[in-house]
Amino acid sequence: MFLVGLTGGIASGKSTVSSQLKELGCPVIDADVVARKVVEPQSPAYRLIVRHFGREILLDNGEIDRRKLGQIIFSSPEKRKLLNSITHPEIHKEMFKQILLYFVKGYRYVILDVPLLFETRRLTRFLTHTVVVYCDPATQLSRLMQRDGLSQEEAEQRIGAQMPLKEKRGLANHVIENSGSREDTHRQVLRLHTKLEDSMEFLVVRAIAVAAFAGLSASVDFGPYVGTYFDLLNLTS
């Protein structure tokens with residue numbers, strides 16, 4: 001099994017592409033969904049967030065008010081970095097558990113839907129492919145203002161807090177251009193899906209894993225691969 005990183009920018013249409021891939025039967029681990037899970041009330045990350053940001057970020061039911069917390073971190077790079085240092089280790093632990101589950105089930109590959117894939121770079125060395133969902137700056141700004149009911153200044157502040165889409169585009173192996181129609185985006189997703197399905201890269205990883213678990217590592221040099229495996233384990237600790 002190999003890993004595919006899917007990323008984009010705020011309001012670039014990453015969620016649309018992720019949904020289309022799911023509809024095609026691709027296993028997708030959504031970091032945003034995982035992020036909500038790891039900050040549920042009384043979880044370790046939840047307690048640390050409340051300790052550092054105060055109880056004023058909580059809703060009446062005790063859950064974190066994501067909108068209020070978002071306003072804080074998007075206006076302060078230091079606080080955004082603090083929040084990421086709290087949540088990212090817990091997110092990576094949960095994602096790793098889900099990756100192992102898909103591996104055991106025999107999937108060829110798993111798509112990791114990660115908004116800050118290139119900002120943090122902690123996962124990129126484990127990915128065989130990286131995909132960026134791109135749209136032009138004017139479209140991104142317009143979509144964000146309409147979607148979240150933000151002023152132009154608020155929307156520009158949130159876009160400015162992330163790595164520019166143009167820069168992400170240059171780092172990716174594949175680009176889904178999402179400035180046009182939904183139909184055009186879907187055609188690009190279908191082409192990507194076909195490429196991933198036809199890839200035989202998963203056979204190398206699975207053969208190494210089967211051989212290692214069968215006790216053949218003494219006669220075969222698995223050093224680079226085992227090292228990567230333990231790097232991934234360390235990433236989640």
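This is a predicted model: local features need pLDDT of at least 70, side-chain atom pairs count only at pLDDT 80 or more; totals for chains, interfaces and linings use all residues.
Five strands make up an open sheet with parallel pairing, and their order is E2-E3-E1-E4-E5. The edge positions belong to strand E2 (28-30) and strand E5 (174-177); each has a single partner strand, so one side of each is left without a neighbour in the sheet. From one strand to the next, the twist averages 20 degrees.

Within this sheet, strand E1 (residues 2-8) and strand E3 (residues 109-113) run parallel and are joined by five bridges. Phenylalanine 2 has tyrosine 109 in E3 as its bridge partner.

**Helices lying across the sheet**

| Helix | Strands it lies across | Angle |
|---|---|---|
| H2 (residues 31-38) | E2 and E3 | about 50 degrees to E2 |
| H10 (residues 182-198) | E1, E3, E4 (129-134) and E5 | about 155 degrees to E5 |

**Packing of H7 with H8**

Helix H7 (residues 137-148) packs with helix H8 (residues 152-160) at an angle of about 120 degrees, and their axes are 9 Å apart. The crossing in which H7 passes H8 is right-handed. On the H7 side, Gln140, Leu141, Leu144 and Met145 make the contact, while H8 contributes Gln152, Ala155, Glu156, Arg158 and Ile159.

Technical notes:
Residues are numbered from 1 along each chain as its sequence is written. Side-chain values use heavy atoms; hydrogens and water are left out. Axes are lines fitted to C-alpha atoms, for helices over the stretch in contact, and angles run from 0 to 180 degrees between N-to-C directions. Helices (H or I, at least four residues) and strands (E, at least two) are DSSP runs, numbered from the N terminus. A crossing is left-handed if the near helix is turned anticlockwise from the far one by less than a right angle, and right-handed if clockwise. Contact means heavy atoms within 4.5 Å. Two strands pair if DSSP finds at least two bridges between them.
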